[in-house]
Amino acid sequence: MTNDPIIKIEQLEKSFGDLHVLKGIDLEVNRGEVVCIIGASGSGKSTLLRCINLLEEADSGHIWFDGQDLMDLKVNLNALRQKIGMVFQGFNLFNNKSVLDNCTLAPMDVKHIPKTQAEATAIKHLTTVGLADFIHADSRRLSGGQKQRVAIARALCMEPEIMLFDEPTSALDPEIVGEVLDVMKNLAQQGMTMVVVTHEMAFAKEVSDRVVFMDQGVILEQGSPKEVFGNPKEPRTREFLSRYLEDKMA
Amino acid sequence: MAASTAPRKNFITRDHRYVYLGGSLIALLGLGMFYSAPSPYSFIPAQSVFGTALAAICWFFLGVSAMALLVKWAYWNNYSSTIMKRPLIVRVSRYLSYLDAAACALLVLDRFILKLAYIINAAIHADSNPTDTLSTMAYMAYNQRSLFAIGISYTVRLALFGTAIAFVLALLMVFLRIQEPDKRDNDFVKFLKIDANKFSRFYIFVIRGTPMMVQSLILYNAVFGLFKRTGMSVSDINRVWPLFLAGLVTISLNSTAYLAEVLRGGILAVDAGQMEAARSLGMTHWQAMRKVVFPQAIKNSLPAIGNEFIINIKDSSVLCVVGVSDLMFMTRSVAGIYYKGTECYLIAAIVYLFLTYLSSLLLKAITGKMTAPNNTKRHQGNQTVDLGLPSSN
């Protein structure tokens, strides 16, 4: 891992009305790194992720992406988002489009890639996520796991430099979580830079290069999975992880 | 298809409760028809063997039902173990009820439908306006059929083109309505967006808050006055600003306000995640709206858009105040010719009812096809891709 930050966040603050969600976040993500953000619900994980591609507008602070400050109002949002893939908890496939059209819409409309080429790229990515047989399927009729894999393929079709995953398996039943995590593992092995908000501790432990623990709007602790899971420094981290393990046992 | 014929077939082959009660009512209706006066078109005269046989079937069914009632009365608590509940008797009584219904249907055809046909035919060929309601309605509808036809054509065209134009305008209006200034917009764009939003709110506020009758009068007279001021002659103005055009513009502008709100509801009903997903892929707000949100919003709104068309068929009647030759205007003209208000407006009511019923059937067929989910099961199989690419597994 070279120390080559693709994203550098400095003193990021965000409030929803009276609710102070992010209280001065500092975070760097290096190229090719897989960062998992863990923490209790309401700790600000998803908000942080959504601030990175400006689905939420942070109140103050800086987010540098490729040396460009996203908090600068002159920045070209749409050009920027092309480079940042996002996968949502609720899949958000385009309901009015087939699986293939879900994947080709943005490349054709945004990057003006010719149709045949966009379709070839889409089929390549759909094949890698194991959905080659579902290319012409109605996206509403897929299972949750299939939908999420299409969503990943759709994001990959824009050839992003980084992928953000916002609790990608939280809406799936436990039996099909695996098929989505496998796709993500593959992606990580291919060297994709990934920031993953997740409750899948096993995945975080196995795949991530760095684990970030967030609590009440601040990053409380970060380090290698071995450090954070094996020997957490903060009592709150220990409490969270132990409670999590208990829940898993129950 | 199979699903729609199956219940009908079941109805014939199934045993029912209340066979005696329903059958008795049908028998009474048939007998009532039989003992009413036949018309010259009648093919079942009162004294004929066939007519008597039909009446006998009805009487017989009434008799059987009366017997069943007596048995039920006598064996209130164990009726189900009486002879009336034997499967054979149940089935025979069911077949008997079909015979009863068939006899009744024949009698209704003979004594009601053919009589109606006779009355209408007689009224159509009458030399002067008959006095009874039905005959005079038939007489006026037939003799003034060309006026009614013009009225119907105007009404249908006003509703159809009015709704179509309003739909296009409503797309523009709702586009203005949903503008919200963004932190990243420059001051000029912010200003435009805020004003667009305010304009559409004001437009909808005014149009929804005033009657279409008033709108049509203001619009027609105001435009007429404008032309007048340029020094045009009245006949020239009538050529460039005909009444139909005035009516069409009124109905279009009016429906625009309502359809814009319908479409806004349709847009709000689209999950916010659709927009977020599109934006996260780098699509602009407008691209996301056009390719992802609008198609779904219009699909959501189709039933309400069809409803607006039906409303326009009826509400175009208020345009008769400016003199548009719609169905209502023509009806008033006919009523003026004969001095017969009630009967004329009854004709109009029947025609409007027929038009709206026909439209709702058509709309159901069209929107049902467009909103139905694809008739395919969950995809399991090998879909071949016709791109000339190597297939992969």
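Predicted model: local features only at pLDDT ≥ 70, side-chain atom pairs only at ≥ 80, totals over all residues.

**A first look at chain A**

**Overall build of chain A**

- You can find nine helices and 10 strands in chain A.
- The radius of gyration of chain A is 18 Å, close to the 18 Å that the globule rule gives for 250 residues, so chain A is as compact as a globular protein of that length.
- Its C-alpha trace spans about 55 × 50 × 40 Å along the principal axes.
- Among the 250 residues of chain A, 57% count as buried.
- Of the contacts in chain A with a separation of 6 or more, 67% are between residues 24 or more positions apart.

**The six-stranded sheet**

- Six strands of chain A form an open sheet with mixed pairing, in the order S6-S7-S8-S3-S9-S10.
- Strands S6 (84-87) and S10 (218-223) of chain A stand at the edges with a single partner strand each, so one side of each has no neighbour in the sheet.
- On average, neighbouring strands of this sheet are turned by 20 degrees against each other, ignoring direction.
- S6(A) runs parallel to strand S7 (residues 162-166) of chain A, and four bridges join them.
- Across this pair, A:Met86 stands opposite A:Leu164 in S7(A).
- Helix H5 (residues 144-156) of chain A packs on the sheet and touches S6 and S7 of chain A; the direction of H5 makes about 170 degrees with that of S6(A).

**Chain B**

- Chain B is divided into domain 1 (19-125) and domain 2 (145-377).
- The centres of domain 1 and domain 2 of chain B, taken over C-alpha atoms, are separated by 50 Å.

Conventions: Residues numbered from 1 in each chain as written. Chains lettered and ligands numbered in written order. Heavy atoms only, no water. Domains from an automatic or database assignment. Pairing = 2+ DSSP bridges. Helix = DSSP H or I, 4+ residues; strand = E, 2+ residues; numbered from the N terminus. Axes fitted to C-alpha atoms, helices over the stretch in contact; angles between N-to-C directions. Contact = heavy atoms within 4.5 Å. Rg over C-alpha atoms; globule rule 2.2 N^0.38 Å. Buried < 20%, exposed > 50% of the residue type's maximum accessible area, 1.4 Å probe, protein only.
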